[in-house]
Amino acid sequence: MSETAGALTTALQSLRAAITSATYPLAVPSADAARTVGGSLVAQLDDYLIPRLARLDAPLLVVVGGSTGAGKSTLVNSFVRSSVSPAGVLRPTTRTPVLVCNPIDAQWFRRGKLLPGLTRTAEATDDPHSLQIVVAPALMPGLAFLDAPDIDSVVDQNRALAAQLLAAADLWLFVTTAARYADAVPWDLLETAQFRGTVVALVLDRVPPEAAVEVTAHLAEMLAAHHLATAPLFVLPETEIDRQGLLPESVTEALRDWFDRLATDVAARATVVRQTLDGALAALAPVVAELAGAADEQVEAATVLHDRVGAAYRTARRTVENGVQDGRLLRGEVLARWQEFVGTGELMRTLEARVGRMRDRVIAALTGRPAPGRQLQSAIEANLVTLIRGAAADATDQAYTGWLAHPAGSALLDPSLGRPSPDLPERAERLVRDWQRGVLELIRREASGKRAVARGAAYAVNATGLLVMIGVFASTAFIPTGAEVAVAGGTTVAAQKVLEAIFGDQAIRALAAKAREDLLARVHALLDAEAARYGDRIAGAGIGADPGQALRDAASRVERAREEAALTEGAPLALPEIKS
């Protein structure tokens, strides 16, 4: 293989990797077509482009294709003067493709370089995944005929296989009849062949003598309209077949002579191969561009879904942030317990540490009720958990609704995403308890050098912690103002003065700010974990970071390598002339 051909092969292999890496899992309009086109491109790369580029001198493969009942198998059999491909009145007849070649060329096709996905066999079979290889000494070396299934077969698998085989042709011999030459399906495939640059020859079969001039002229007009005016056209008259099911040699003589001269002309065969190969390579770029657009649509859909989830959980974070800072958590049960904690003088007693600690133990033992400080801590915990769970539930509903309104999102949903995680209540409660312990640890670290607090040990730290927690929920970053302070009276002010004397005014505010940041960070992490349930669905779909650009880059490398290879430069297509 030449250096330029090697570079082209490397570029094609990179393109194949890019195509197989690009997936289209999200339910967007272009997905189904992209999966089909991507599969077809990979098949063409494996079946034809890469193996043919490796062996430009390999025998020329003529794929015989056409409509149901057009006489493809009969024509192939007549070429080799033997019934090598089954023909019959039942349709569809050809299920397993049959490749006929000279014995000299058989080894090339048996090795499976071309059409590697088809299992080679020497026997007739109905397995559509097999390729029957038949040797025919009557066929000239350097040329092989592949009888393909009907392109308009009622069997989906047959049609798909026919299209796959036509994409692997060096030359497509299209067979039609005087009655069916204007059918739409064949012309769609002829347009595809013309787009890919495949060399095409046509057989107009079973033409009544009285209609030959008119039908041939009309077909020629259609060929010109489809930019196929230069394609060789062979007209076979309506005739009887012999007892072996073969056409008279006189009918196929011109066609056989044309292919014999093509087989013996090494230069002509080479130009056919290079013309078809170069055309197929040139046709990759616009098709890959369509795939890249479909891949972009996948990324865009994933981004939209991510954004809808992100918007839902950003709203949840703002809800918690506002709820923490706007004073709403200081109402209800928290306010009542705060008033009790401050109004009964417990705040000052607990700050006195040892005396307060002993007194509260005695009261709790006699009454069976938790101390007011513990009740305040529980009330804070309950209100925070309620706020977090409510925000998470609202975000879940908003995200679920957002996905439900998008086709791709709707396809990814399952009922579990319509509710918060089952363990959210436990995680929210644990989050608040861990945060409260974190506040006390923060107080201990801050008070490590404060002799007054050190003498009070843990009990004074607990009281300070409650004050800091209350400060977290107040708009002023510490003790509530307005009605809350008025109810608490002078005791609150006195307690604040004690704390400020111990820690300093700025330190107290800093403690409240740090505690608030810590709380919100924990809440954000919890909400992020809830949002990740949606993100995991998208990640599980397997969409790459930028598959569209990867496809475009790979296609550009192929096109540059194709231009450098100059497969058709200085070797214009020169097919044999048709002898009348």
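**Close-up views of a predicted chain**

**Figure 1. The chain as a whole.** Residues 24 or more positions apart make up 81% of the chain's contacts with a separation of 6 or more; a contact means heavy atoms within 4.5 Å. This is a predicted model, where local features need pLDDT of at least 70, side-chain atom pairs count only at pLDDT 80 or more, and totals for chains, interfaces and linings use all residues. Residues are numbered from 1 along each chain as its sequence is written, and side-chain values use heavy atoms, with hydrogens and water left out. The chain holds 21 helices and eight strands. Both are DSSP runs numbered from the N terminus: helices are H or I with at least four residues, strands are E with at least two. Of the 580 residues, 51% count as buried. Buried means under 20% relative accessible area, exposed over 50%, and partly exposed in between, with a 1.4 Å probe and protein chains only. The accessible surface of the chain is about 25,400 Å². Carbon and sulfur atoms own 53% of that surface. Areas come from the Shrake-Rupley method with a 1.4 Å probe; for residues, only the protein chains shown count as cover.

Figure 2. Strand β4 spans residues 130-135. Five of its six residues are buried, so β4 is largely enclosed by the rest of the structure. Strands pair here if DSSP finds at least two bridges between them. Strand β2 (residues 98-101) runs parallel to β4 and is joined to it by four bridges. Val-98 stands opposite Gln-132, and Leu-99 has Ile-133 as its bridge partner. Strand β3 (residues 119-121) is also parallel to β4, with three bridges. There, Arg-120 stands opposite Leu-131 of β4.

**Figure 3. Strand β2 and its antiparallel partner.** β2 pairs with strand β5 (residues 143-147) in the antiparallel sense, over four bridges. Val-98 has Asp-147 as its bridge partner in β5. In a regular strand the side chains alternate between the two faces of the sheet. Val-98 and Val-100 point one way from β2, while Leu-99 and Cys-101 point the other way. All four are buried.

**Figure 4. The largest pocket.** Its volume is about 610 Å³. Of the 26 lining residues, Ser-40, Ala-163, Ala-167, Thr-192 and Arg-196 are the closest to the pocket's centre. On a 1 Å grid over the protein atoms alone, a pocket is an open set of points with protein on both sides within 12 Å along at least five of seven lines; a cavity is a set where a 1.4 Å probe fits but cannot get out; lining residues have an atom within 4 Å of a point. Grid points are joined across faces, edges and corners, and a volume is the space filled by probe spheres set on the points. Helices α2 (31-54), α5 (156-166), α6 (184-196) and α10 (284-325) each supply at least two lining residues. α2 gives the largest share, eight residues. By class, the lining has 16 nonpolar, seven polar and three charged residues. Ala, Val, Leu, Ile, Met, Phe, Trp, Tyr, Cys and Pro count as nonpolar; Asp, Glu, Lys and Arg as charged; the others, Gly among them, as polar.

**Figure 5. The largest cavity.** Rolling a probe the size of a water molecule over the atoms shows where empty space is left. A search of the whole structure finds one cavity of 30 Å³ or more. The largest cavity has a volume of about 60 Å³. Its lining consists of Phe-79, Ala-138, Leu-139, Met-140, Phe-145, Arg-256, Phe-259 and Asp-260. Six of the lining residues are nonpolar, none polar and two charged. Helix α8 (residues 249-264) gives the most to this lining, with three residues.

**Figure 6. Gln-298 in its surroundings.** Gln-298 is found in helix α10. Gln-298 is buried, with a relative accessible area of 0%. Leaving out residues up to four places away in sequence, Gln-298 touches Thr-23, Tyr-24, Pro-25, Leu-26, Val-28, Ala-31 and Ile-543.

**Figure 7. Two loop residues with positive phi.** Arg-81 lies in the loop between α3 (72-80) and β2. Its phi is positive, about 55 degrees, although Arg-81 is not a glycine. Arg-81 counts as partly exposed, at 26% relative accessibility. Leu-115 sits in the loop between α4 (106-110) and β3. Leu-115, also not a glycine, has a positive phi of about 50 degrees. Leu-115 is buried, with a relative accessible area of 2%.
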